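Subject: Structure for your review

Dear colleague,

Please find below the structure that I am handing over to you. My findings follow directly after it.

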Amino acid sequence: MKKIAVIFCSLFAGVILAQGDANLLLQYNKGPDPDAFYRTWNFDLHAFAVRINLNEDYSKPGITYAVGSNVQYKFSKTLGFTSGIGFFNIHYQYELSTNTSTDKLSYLTLPLTVRVSPSRNLILETGAIYHFLLKAKNSEIVNLSNKSNVYEDGVFKNTLGWLFSVQYNVWKRLNISVQYRFIKKSSDAFSIQKNNFNGLLLGVHYFIFNPRKKPI
């Protein structure tokens, strides 16, 4: 998974450097670029299929989902920032001789990312995303004090993560995406429950305003 992060970083670096050359060339064109329009503000609704696992070799990931909405602010045709709110789930099963139970974690997510658009069809995105823990439960009883399958406070925590994403426009306001996300937080070294995760998300995004249509 670390190789995926390196690939995304290389893509961003290459695009940003290329944008500098493109802007220099544009300054020396004889006339204005008819394709230079962009929407300063836009909003999107999105849904993901999520396959994220512990950063350990004793678990296997399940498939779950995430949903949310973002607001995008663009400084130019090619550069913008995004924030929003989402609901995010992680499911995985332990593969230990003494434990084959399943953890199900739910988070409220708050991203702050930068978006670079090499073309109107393509968006590269990276940035921080905060995961506010809503619930952590197991398929078996894990809280003996009240015989509950909900973990005690402090086992799982609020965590900070990072995402790398590629979006592609398939039709008017509709985009699809592939995202790599990793989440990292200090955990009890003697516990099998950890706060460190990584994996892939496949997404569908619907923009409220058509980004390919010039604003009036």
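**Surface patch**

Phe209 is partly exposed, with a relative accessible area of 36%. The model in which this value was computed is a predicted one. On the surface, Phe209 belongs to a nonpolar patch together with Trp41, Phe43, Leu45, Tyr206 and Ile208. The accessible area of these residues together is about 570 Å². Strand S1 (residues 41-54) gives the most to this patch, with 3 residues.

**Overall architecture**

The protein chain has 1 helix and 9 strands. Read along the sequence, the elements follow the pattern α-β-β-β-β-β-β-β-β-β. The chain comprises 216 residues, of which 39% count as buried.

**Salt bridges**

How many salt bridges does a search of the whole structure find? The search returns 2. In one of them, Arg115 pairs with Asp44, and the closest N and O atoms are 3.7 Å apart. This pair links distant parts of the chain, with Arg115 in strand S5 and Asp44 in strand S1, 71 residues apart. Both Arg115 and Asp44 are buried.

Arg115 also meets Glu125 in a salt bridge, with an N to O distance of 3.4 Å. Arg115 lies in strand S5 and Glu125 in strand S6, so this pair ties together parts that are 10 residues apart in sequence. Are Arg115 and Glu125 buried or exposed? Arg115 counts as buried because its relative accessibility is 2%, and the cut-off for burial is under 20%. Glu125 is likewise buried, with a relative accessible area of 7%. Through shared partners, the salt bridges join Asp44, Arg115 and Glu125 into one network.

Rolling a probe the size of a water molecule over the atoms shows where empty space is left. The count here comes to 3 cavities of 30 Å³ or more.

The largest cavity has a volume of about 230 Å³. It is lined by 17 residues, and those closest to its centre are Lys74, Ser117, Arg120, Ile123 and Pro211. Strand S3 (64-74), strand S5 (102-119) and strand S6 (122-138) each supply at least two residues of this lining. By class, the lining of the largest cavity divides into 6 nonpolar, 6 polar and 5 charged residues.

For the second largest cavity, the volume is about 190 Å³. There are 22 residues in its lining, and His46, Phe48, Asn70, Gln179 and Arg181 lie nearest its centre. The elements that give two or more residues to this lining are S1, S3, strand S4 (79-94), S5, S6, strand S7 (159-171) and strand S8 (174-184). Which element gives the most to the lining of the second largest cavity? That element is S3, with 5 residues. The lining of the second largest cavity has 9 nonpolar, 10 polar and 3 charged residues.

**Points to carry forward**

- Patch: Trp41, Phe43, Leu45, Tyr206, Ile208 and Phe209 form the nonpolar patch.
- Network: salt bridges that share partners join Asp44, Arg115 and Glu125.

Yours sincerely

Key. Residues numbered from 1 in each chain as written. Predicted model: local features only at pLDDT ≥ 70, side-chain atom pairs only at ≥ 80, totals over all residues. Heavy atoms only, no water. Patch = residues over 30% accessible without salt bridge, like charges linked within 9 Å, V, L, I, M, F, W, Y side chains within 5 Å. Areas by Shrake-Rupley, 256 points an atom, 1.4 Å probe, with all protein chains shown as cover. Salt bridge = Lys/Arg side-chain N within 4 Å of Asp/Glu carboxyl O. Helix = DSSP H or I, 4+ residues; strand = E, 2+ residues; numbered from the N terminus. Buried < 20%, exposed > 50% of the residue type's maximum accessible area, 1.4 Å probe, protein only. 1 Å grid on protein atoms, 1.4 Å probe; cavity = no way out; pocket = protein on both sides within 12 Å on 5 of 7 lines; lining within 4 Å. Points joined across faces, edges and corners; volume = space filled by probe spheres on them. Nonpolar A, V, L, I, M, F, W, Y, C, P; charged D, E, K, R; others polar.
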